[in-house]
Amino acid sequence: MTEIPLFPLSSALVPYGYMPLQIFEQRYLDMVAACMRTDTGFGVVWLRQGSEVSGGSQTTPDVGDYGTHARITDFDQLPNGLLGITIRGEERFDIAEVWRDPSGLIRSRVSMEGRLEPAPMTDEWRSLEVVLRGLESHPHIQRMNLTIDYNNAWEVAFNLIQLLPFDESIKYELLGMATLNELIVELDILLNQISGEEG
């Protein structure tokens, strides 16, 4: 078991996925500063309901049973004066216990799953690569400066999940899938549904 700080979000973060965040609450500014000083990360966990940000509640938020460990890859002061960071998902974890410390920061004891071993792309999965490369050509995505290994099927699948406008509850469910094949089958079904709606 490992103790880590948690950042509960209404958005789900998946391994290999990139996400920009605006940080303005002192407890999270302190967390980011500590992570950068010690070269460590923090856990991102999906909020099932409600909002954690700027909430004065001393109760623990209603979060998912698992999440993704995140590493800060970039930071800058935004035009609005707030701290902007970019995070990238690393390994998944299961939550054993959640509590709020005196500063208001959510902390948790978690069991890390370890980094996913790269899995080779197969010919039947190449359609996912085509969709992802198409997304990368969009100006908004280009500004994120993504670095994607297109030979790693896990990385291709999870970047698609992070970038496409699926409901966050669906992203959370996909994050919990046990095998790569199960993940890609579900992702393929979702992509076909999007294509049908657009058609």
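A residue counts as buried when its relative accessible area is under 20%, and by that criterion 47% of the 199 residues of the protein chain are buried. The model is a predicted one, and its chain holds six helices and six strands.

**Overall fold**
- The radius of gyration of the protein chain is 17 Å, close to the 16 Å that the globule rule gives for 199 residues, so the chain is as compact as a globular protein of that length.
- Along its principal axes, the C-alpha trace of the protein chain spans about 50 × 40 × 35 Å.
- Among contacts between residues at least 6 apart in sequence, 67% join residues at least 24 apart.

**Packing of α4 and α5**
- Helix α4, covering residues 153-163, packs against helix α5, covering residues 168-175, at an angle of about 160°, and their axes lie 10 Å apart.
- Because angles over 145 degrees count as roughly antiparallel, α4 and α5 are roughly antiparallel to each other, and their crossing is left-handed.
- On the α4 side the contact involves Phe 158, Ile 161 and Gln 162, which meet Lys 171, Leu 174 and Leu 175 of α5; these residues divide into four nonpolar, one polar and one charged.

**Glu 155**
- Glu 155 is found in helix α4, and with a relative accessibility of 5% it counts as buried.
- Leaving aside residues up to four places away in sequence, Glu 155 touches Tyr 16, Arg 88, Thr 147, Ile 148 and Asp 149.

Conventions:
Residues numbered from 1 in each chain as written. Predicted model: local features only at pLDDT ≥ 70, side-chain atom pairs only at ≥ 80, totals over all residues. Heavy atoms only, no water. Axes fitted to C-alpha atoms, helices over the stretch in contact; angles between N-to-C directions. Helix = DSSP H or I, 4+ residues; strand = E, 2+ residues; numbered from the N terminus. Parallel < 35°, antiparallel > 145°, perpendicular 65-115°, else oblique. Left-handed = near helix turned anticlockwise from the far one by under 90°. Contact = heavy atoms within 4.5 Å. Nonpolar A, V, L, I, M, F, W, Y, C, P; charged D, E, K, R; others polar. Buried < 20%, exposed > 50% of the residue type's maximum accessible area, 1.4 Å probe, protein only. Rg over C-alpha atoms; globule rule 2.2 N^0.38 Å.
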